Amino acid sequence: QVQLVESGGGLVQPGGSLGLSCAGSGFIFSIYTMAWYRQAPGKQRELVAAMTSAGSTNYVDSVKGRFTITRDNVKKMVYLQMNSLKPEDTAVYYCSANQRSTPYWGQGTQVTVSS
């Protein structure tokens, strides 16, 4: 059974940092593009960061320079380090795995940036 389980969400102050983790199982993790998406209330889901199986990364413009995606193919984990957080980063963050097919999704973890 394919599973993606996110953790690390929570409440953080503007300007603060938070690290998200996603554990994958039930698929060949190393050949998948791993990504983080987010969806804020009333907004469309957007791609935040992605890393291909070869290690190439891309980020949505709004998080460039602040967020970093990393992956560990041995541990089958993908991470999102979020720094200099802004209230507009508030959203449910989802871990995704895709390899030229319908993507797998985690259950999501809430990130709230507020004073």
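## Legends to close-up views of the predicted model

**View 1. Overall fold of the protein chain in the predicted model.** Among contacts between residues at least 6 apart in sequence, 52% join residues of the protein chain that are at least 24 apart. The protein chain has eleven strands and zero helices, and its elements follow the pattern β-β-β-β-β-β-β-β-β-β-β when read along the sequence. The radius of gyration of the protein chain is 13 Å, close to the 13 Å that the globule rule gives for 115 residues, so the chain is as compact as a globular protein of that length. The C-alpha trace spans about 40 × 25 × 25 Å along its principal axes.

**View 2. Surface and charge of the protein chain.** Of the 115 residues in the protein chain, 38% count as buried. The chain exposes about 6,100 Å², and carbon and sulfur atoms supply 48% of that area. Its charged side chains comprise 10 positive and 6 negative ones, and the centres of these two sets lie 5 Å apart.

**View 3. The aromatic pair of Phe-27 and Tyr-104.** The structure holds five aromatic pairs, and one of them is formed by Phe-27 and Tyr-104, whose ring centres are 5.6 Å apart and whose planes stand at 50 degrees, an arrangement that counts as tilted. Phe-27 lies in the loop between strand E3 (18–25) and strand E4 (33–39), whereas Tyr-104 belongs to strand E10 (residues 104–105), so the pair ties together parts that are 77 residues apart in sequence. Phe-27 is buried, with a relative accessible area of 9%, while Tyr-104 is partly exposed, with a relative accessible area of 28%.

**View 4. The aromatic pair of Tyr-32 and Tyr-104, and the cluster that holds both residues.** The ring centres of Tyr-32 and Tyr-104 are 5.9 Å apart and the planes meet at 25 degrees, so this pair is stacked, the cut-off being under 30 degrees. Because Tyr-32 lies in the loop between E3 and E4 and Tyr-104 in strand E10, the pair ties together parts that are 72 residues apart in sequence. Tyr-32 is buried, at a relative accessible area of 8%. Together with Phe-27 and Phe-29, the residues Tyr-32 and Tyr-104 form one aromatic cluster.

**View 5. Lys-76 in the loop between strands E7 and E8.** Most residues other than glycine have a negative phi. Lys-76, by contrast, has a phi near 55 degrees, a positive value in a residue other than glycine. The loop that holds Lys-76 runs between strand E7 (67–72) and strand E8 (77–82), and at 35% relative accessibility Lys-76 counts as partly exposed.

**View 6. Arg-100 in the loop between strands E9 and E10.** Arg-100 is not a glycine, although its phi is positive, at about 50 degrees. Arg-100 is found in the loop between strand E9 (91–98) and E10, and its relative accessible area of 86% places it among the exposed residues.

Conventions. Residues are numbered from 1 along each chain as its sequence is written. This is a predicted model: local features need pLDDT of at least 70, side-chain atom pairs count only at pLDDT 80 or more; totals for chains, interfaces and linings use all residues. Side-chain values use heavy atoms; hydrogens and water are left out. Helices (H or I, at least four residues) and strands (E, at least two) are DSSP runs, numbered from the N terminus. The radius of gyration is taken over C-alpha atoms; the globule rule is 2.2 Å times the number of residues to the power 0.38. Buried means under 20% relative accessible area, exposed over 50%, partly exposed in between (1.4 Å probe, protein chains only). Contact means heavy atoms within 4.5 Å. Accessible areas come from the Shrake-Rupley method with a 1.4 Å probe; for residues, only the protein chains shown count as cover. Lys and Arg count as positive and Asp and Glu as negative; His and the chain ends are not counted. The place of a charge is taken as NZ of Lys, CZ of Arg, CG of Asp or CD of Glu. Rings of Phe, Tyr and Trp (its six-membered ring) pair if their centres lie within 6.5 Å; planes under 30 degrees apart count as stacked, over 60 as edge-to-face and the rest as tilted.
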